[in-house]
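Subject: Handing over the structure

Hi,

Here is the structure I promised you.

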Amino acid sequence: MSDEDRCILVETLDQRIGMITFNRSAKRNALSKAFLEDVRATLEGFRQSGVRVVILRAASAARVWSAGHDVADLPRGHVDPLGYDDPLEMTLRAVQRFPGPVIAMVTGAVWGGACDLAMTCDIAIGDPTSSFCMTPARLGVPYNASGLIHFIGRVGLNIAKEMFFTASPIDAQRAANLGLLNHLVEADELESFTLAMARQIASLSGAAIEVIKEQFRVLTMTRPLPVETFERIHALRAKVYNSHDYSEAIQAFLEKRPPRFTGN
Ligand code: YXS
């Protein structure tokens, strides 16, 4: 497959820094099944070759970092749209389990599942064009428990609720103030700033960083849930992805028209 056909472009710098550049601009870097499979395969290749830091980015000056989950790949109804084996969920876990920091280098707007991807990265660095918008309520999607935990952990409960309940974008300055971005830097400094941080990380003990990252993961994802709570969450979410609102929202997006929600 030529680079032009690939959803991502891949390069390795200084033998230890891996860079994945989103390359599906015609679809605003929407995260399709093939796109996400390529990201996961690339992360595994990086792991095997000893890459210690990974940068996820769009092309320079991209207006859209990623438009989120590819809506065309979402089930039309009666199937969990963000189940454990969903390609996006598998990719988020691959990012969490990569044995070194994954840095989201953000230019442009970040939508829906791509926000979760950026937030699941260990570090996020953006320029003033970056913005973040959580869209499940626009698409009738009952987001999932691990995704909600990512947001609560990153920005706190109140801001996470505002993002999900309003589906309104958060601009770069506010994202930096809230900790959604670790750093907000000028557009012409973004790549050099990100690479300098990646080189700094790659110069340190990879073994120590790998173990510290895994401790962060297990400590933040541990939520003892009574079985009854787990089953109730499953039933609540099934009600939504079996609803008219969900299937109507997906159909409306594909037909490029506003959805007509009925609340059922
Ligand atoms: O008509 P063509 O074939 O040129 O394709 C159009 C769009 O249909 C396509 N596209 C997408 N295709 C699949 N999934 C997407 N998420 C997606 N977004 C865009 O890309 C082509 C160009 O789109 P267009 O003309 O709208 O570009 P634009 O520059 O005017 O506007 C860019 C956006 C990103 C503002 C606009 O495309 C947009 O609003 N996209 C949808 C953003 C969104 O709602 N994402 C959430 C997806 S669902 C998801 O992530 C989770 C399930 S959840 O919602 O739960 O978080």
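A polar contact here is a pair of N or O atoms within 3.5 Å; within protein, one must be able to donate a hydrogen and the other to accept it, and residues adjacent in sequence count only if both atoms are side-chain atoms. This is a predicted model, in which local features need pLDDT of at least 70 and side-chain atom pairs count only at pLDDT 80 or more, while totals for chains, interfaces and linings use all residues. Residues are numbered from 1 along each chain as its sequence is written, and side-chain values use heavy atoms, with hydrogens and water left out.

**The ligand**

An oxygen atom of the ligand lies 2.7 Å from an N or O atom in the side chain of Lys 27. For the side chain of Arg 63, the corresponding distance from a ligand oxygen is 2.9 Å, and a polar backbone atom of Pro 136 is 3.4 Å from an oxygen of the ligand. On its own the ligand exposes 1,000 Å², of which the protein buries 73% (Shrake-Rupley method, 1.4 Å probe).

The ligand is surrounded by 21 residues, with Lys 27, Ala 67, Gly 113, Thr 135 and Lys 256 the closest (a heavy atom within 4 Å). By class, this shell has eleven nonpolar, five polar and five charged residues (Ala, Val, Leu, Ile, Met, Phe, Trp, Tyr, Cys and Pro are nonpolar, Asp, Glu, Lys and Arg charged, the others, Gly among them, polar).

**Pockets and a cavity**

On a 1 Å grid over the protein atoms alone, a cavity is a set of points where a 1.4 Å probe fits but cannot get out; a pocket is an open set with protein on both sides within 12 Å along at least five of seven lines, and lining residues have an atom within 4 Å of a point.

The ligand takes up the second largest pocket (more than half of its atoms lie within 2 Å of the grid points). That pocket has a volume of about 710 Å³, and Ala 67, His 69, Val 71, Leu 139 and Phe 253 lie nearest its centre among 29 lining residues.

The largest pocket holds about 1,300 Å³. Its lining counts 41 residues, with Tyr 143, Asn 144, Ala 145, Ser 146 and Leu 148 closest to the centre.

Finally, the largest cavity has a volume of about 30 Å³ (the space filled by probe spheres set on points joined across faces, edges and corners). Among the residues lining this cavity are Arg 52, Pro 99 and Ile 209.

Best wishes
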